[in-house]
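Look at the model below, then read on. The report takes it one part at a time.

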Amino acid sequence: MAVISFSSANPTDAGRRRRNGFSLPLYYVQILALVLIVFIILMNYLTLCVNIPTHPWQWLSIVLSSVIILPFSVIFIVLILSDPAEDSVKNQNRGPRTDFDRRVHQHVITNYYCNICDANVTEKAKHCSSCNKCVYAFDHHCIWLNNCIGGKNYRRFLTMLTLLVIGTLFVFINSLLQFIGSFLTSPSAISLNPYYAPDRYAVLMIPASQIAFQVISGIVAIICLVTFAMAGYLLGFHIFLCYHGFSTYDFVMKRRHNRTIDQTLTQFNQLAQNSREEPARASKFLPIKKLRKNQVTDLQENGTNNHHSNGNLRNDQIFTVEANYMSEHQLVLLDAIEKGHTSIVLKLLRNHISLDFGDAYGRTPFMIAAKYGRNDIMKLLLEHPQSKEVRVDRGGKTALHYAAESSQLPIVKMLSKRQPSSLTMLTNKTKLTPLDYALGADDVYPSLHKYSEGGEVSGGDTDDDEDDKPMPGAYVKPKKKKGSGKKKIGKKSGSKKKKKSGKKK
Ligand SMILES: [Zn+2]
Ligand SMILES: [Zn+2]
């Protein structure tokens, strides 16, 4: 394994996590930072503080710089040695998992569970790829410290940054005055008193010529000025973040999100313009699907068998999604729903886009919103007149199937208010009802069950505003258990149906 890493990603070997900033591999930027700090400190004490007139300026200069340099050095080392990881990760004896597959899991952390650390984490935790661990209240990974900054060391980080700004300003002024003073021939307030002889200056306590001293004090001044500017900018940025209650991570994600919205809106405006000019040419090459209405297929017969006693949904009220082409607007709509860009969805709906379409799998906008838990968007879609019609995709799944499958309780609630309760017993092609899909989810199942019996879904919190919130305390089981949960569904669904039919008799 490499001791020093030069890649910007600075990756850790899979199966290992970095404990602190001194864990291998070191990053070349952190070595540069350490060298510069040691250089500036040595220059301050062994060059700048020795060539100025003795007493009182010399002592004042030593005391003032020490008041900043000593606490800075201590905090800098403490920060590198700190481990800002989540407690659940810190207490683990084993290393992170190596079998994480991005094609299977869309996110590293799902439902407050990290798939790499194999641990439950707190709300603001993020998995740092450089450290390969979950960091408590993650802010950012600092390349200069080669360590993460999070809730456990953020205050120390701000203190270090403040001391760095003051310290570099102090050494910059000191070196600049000495640089200028070394050129003066007549005595003045900033005249120097070379340490060894009138023209023999001390540079790191080694006798040096006037020119050597001037070059070296000039270099120190430039380094300090650049560091002061960079650290000052960073400190200002963090004061801004603290004032607005953001973390660096929040800020970066928000900016990225806004940029995507801008890009998609530009794309949308271009498409709108194109389709106005050439309406016939739109989406010639997009192999997608449309709805075929009033088709009674075997899957709906299955559905009716199951829910006939509830009787308020007829075959001709169910619409199957069929093969056709999808326009660019429809593509943008599905993409915006998947990514949660509410403003784009709103704009498309205002442009009277029809919701009568599905993607290659026959998934309608409602199903995509249900699958990805887009509560705000679902609310907007349900205001559309077409929301009253019931659609199934090519697998025979309704939006309710999708909401139940991905444990989206707020969406189950919203759908229950607008669609007949018999939908909870509508089977898809694999003979599973939304109720079956909800079997693994402790919160969704009771609600759906209540709804299937014709009851109000939301126990006590029927307020519409409640639907917006993603259930703050709702800790859902780790996703890895999903596989075993599905097996359970397969076994249980049969007995469930028997129970149901038994009741009817
Ligand atoms: Zn993690
Ligand atoms: Zn990190």
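## Helix H2

Helix H2 covers residues 57-81, 25 residues in total.

Which residues of H2 are buried? They are Ser61, Ile68, Phe72, Phe76 and Leu79. In an α-helix there are 3.6 residues a turn, so residues three or four places apart point the same way. The cover over the buried residues of H2 includes strand S9 (147-149) and helix H4 (154-181).

## Transmembrane annotations

The unreviewed UniProt entry lists four spans as "transmembrane region": residues 26-47, 59-81, 161-184 and 215-246. Take residues 59-81. In the model this span is 100% helix and 0% strand. Its end C-alpha atoms are 32 Å apart.

Now take residues 26-47. Here the chain is 91% helix and 9% strand. The end C-alpha atoms of this span lie 30 Å apart.

## Gln178 in helix H4

Gln178 sits in helix H4. Is Gln178 buried or exposed? Within 10 Å there are 25 other C-beta atoms, and a residue counts as buried at 20 or more, so Gln178 is buried.

Which residues does Gln178 touch, leaving aside neighbours within four places in sequence? Its contacts are Leu48, Asn51, Ile52, Leu192 and Ser217. Ser191 is 13 residues from Gln178 along the chain. The C-alpha atoms of Gln178 and Ser191 are separated by 7.8 Å.

## A three-stranded sheet

An open sheet is built from 3 strands in the order S3-S4-S5. The pairing is antiparallel. Strand S3 (109-110) and strand S5 (119-120) are the edge strands, and each pairs on one side only.

Strand S4 holds residues 113-114. S4 and S5 are joined by 2 bridges in the antiparallel sense. One bridge links Cys114 to Ala119 in S5.

In the model, residues 361-384 are 62% helix and 0% strand. The ends of that span lie 22 Å apart, taken between C-alpha atoms. Residues 395-415 are 67% helix and 0% strand. For residues 395-415, the end C-alpha atoms are 20 Å apart.

Helix H13 spans residues 409-418. H13 is mostly covered, with 8 of its 10 residues buried. The buried residues are Leu409, Pro410, Ile411, Val412, Lys413, Met414, Leu415 and Ser416. What covers them? The cover includes helices H10 (365-371), H11 (375-382), H12 (399-405) and H15 (444-452).

## Confidence

The mean pLDDT of the protein chain is 77. A pLDDT of 70 or more is reached by 77% of the residues. Two stretches call for care. Over residues 278-291 the pLDDT is below 50, and this stretch has 34 contacts in the model beyond near neighbours in sequence. Residues 293-311 also have pLDDT below 50, with 30 contacts beyond near neighbours in sequence. Where pLDDT is low, the predicted coordinates should not be read in detail.

Methods:
Residues numbered from 1 in each chain as written. Chains lettered and ligands numbered in written order. Predicted model: local features only at pLDDT ≥ 70, side-chain atom pairs only at ≥ 80, totals over all residues. Helix = DSSP H or I, 4+ residues; strand = E, 2+ residues; numbered from the N terminus. pLDDT = per-residue confidence, 0-100. Contact = placed C-beta atoms within 7 Å. Expected span 1.5 Å × (residues − 1). Buried ≥ 20, exposed ≤ 12 C-beta atoms within 10 Å, placed from the backbone. UniProt positions renumbered as here; feature names shortened; annotations may be inferred. Pairing = 2+ DSSP bridges.
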